[in-house]
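Visitor: Could you walk me through how a structure like this one is read, feature by feature?
Guide: Gladly; let us look at the picture together and then take one topic at a time.

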Amino acid sequence: MPVLSADVPDADALNQYAVILADIGTITAAADKDCGCVPFTGTIVDVRGRLGTAGTTTATVYDVHLNGTTIFTTQGNRPTTAIAGAVTSTTAPDVTAVNRGDRLSLDCDTAPTSGANASIAVTIRKRALVL
């Protein structure tokens, strides 16, 4: 189940939240491992992940979808852990604009042998009000 968190390391933390998407238990390749709703209109500024138990046979690759479509249209930019790695490498997603009520979901594209308990944090910054 996704968790909302205001504990985002940034000077503008009051205007940012992380939607945590989790893959609990043994990691298997599948769509819709977890999902959550975006709490406000804003911009995705970061996507990071961590495995509780690193896989030993292949890299682990996750994808985040917004309303059913990947936010990483450049496939090589998806959150990835190296073999025996626990922290994902990622670059900014290609799709960053979100609206209140949008659905974020987590897919596992490539699963290792023996990997377990992953979480991916999608950090969203609130859109500033223009007066």
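**Reading charge pairs and the core**

Guide: Arginine 103 has a relative accessible area of 33% and is therefore partly exposed, where buried means under 20% relative accessible area, exposed over 50%, and partly exposed in between (1.4 Å probe, protein chains only). This is a predicted model, in which local features need pLDDT of at least 70 and side-chain atom pairs count only at pLDDT 80 or more, while totals for chains, interfaces and linings use all residues. Residues are numbered from 1 along each chain as its sequence is written, and side-chain values use heavy atoms, with hydrogens and water left out.

Visitor: Which side chain meets that of arginine 103 in a salt bridge?
Guide: Side chains of opposite charge can pair when their charged atoms come close. A salt bridge is a side-chain nitrogen of Lys or Arg within 4 Å of a carboxyl oxygen of Asp or Glu. Here the partner of arginine 103 is aspartate 32, at 3.4 Å from N to O. The pair links distant parts of the chain, since aspartate 32 sits in strand S3 and arginine 103 in strand S9, 71 residues apart; strands (E, at least two residues) are DSSP runs, numbered from the N terminus.

Visitor: How many salt bridges does a search of the whole structure find?
Guide: The search finds five. One of them joins the side chains of arginine 78 and aspartate 63, at 3.4 Å from N to O, and both of these residues are buried. Salt bridges that share partners join Asp63, Arg78 and Asp109 into one network.

Visitor: Which residues touch the most other members of the largest nonpolar core?
Guide: In soluble globular proteins, nonpolar side chains tend to be buried together. A nonpolar core is a set of buried Ala, Val, Leu, Ile, Met, Phe, Trp, Tyr and Cys residues joined through side-chain atoms within 4.5 Å. The largest one here has 21 residues, of which Val47, Tyr62, Val64, Leu104, Val122 and Ile124 touch the most other members. Strand S10 gives the most to this core, with four residues.

Visitor: What does valine 47 touch, not counting residues up to four places away in sequence?
Guide: Contact means heavy atoms within 4.5 Å, and the residues that valine 47 touches include Val64, Ile71, Phe72 and Val122.

Visitor: Which backbone angle stands out at alanine 84?
Guide: Alanine 84 has a positive phi of about 65° although it is not a glycine. Alanine 84 is found in the loop between strand S7 and strand S8, and it counts as exposed because its relative accessibility is 57%.
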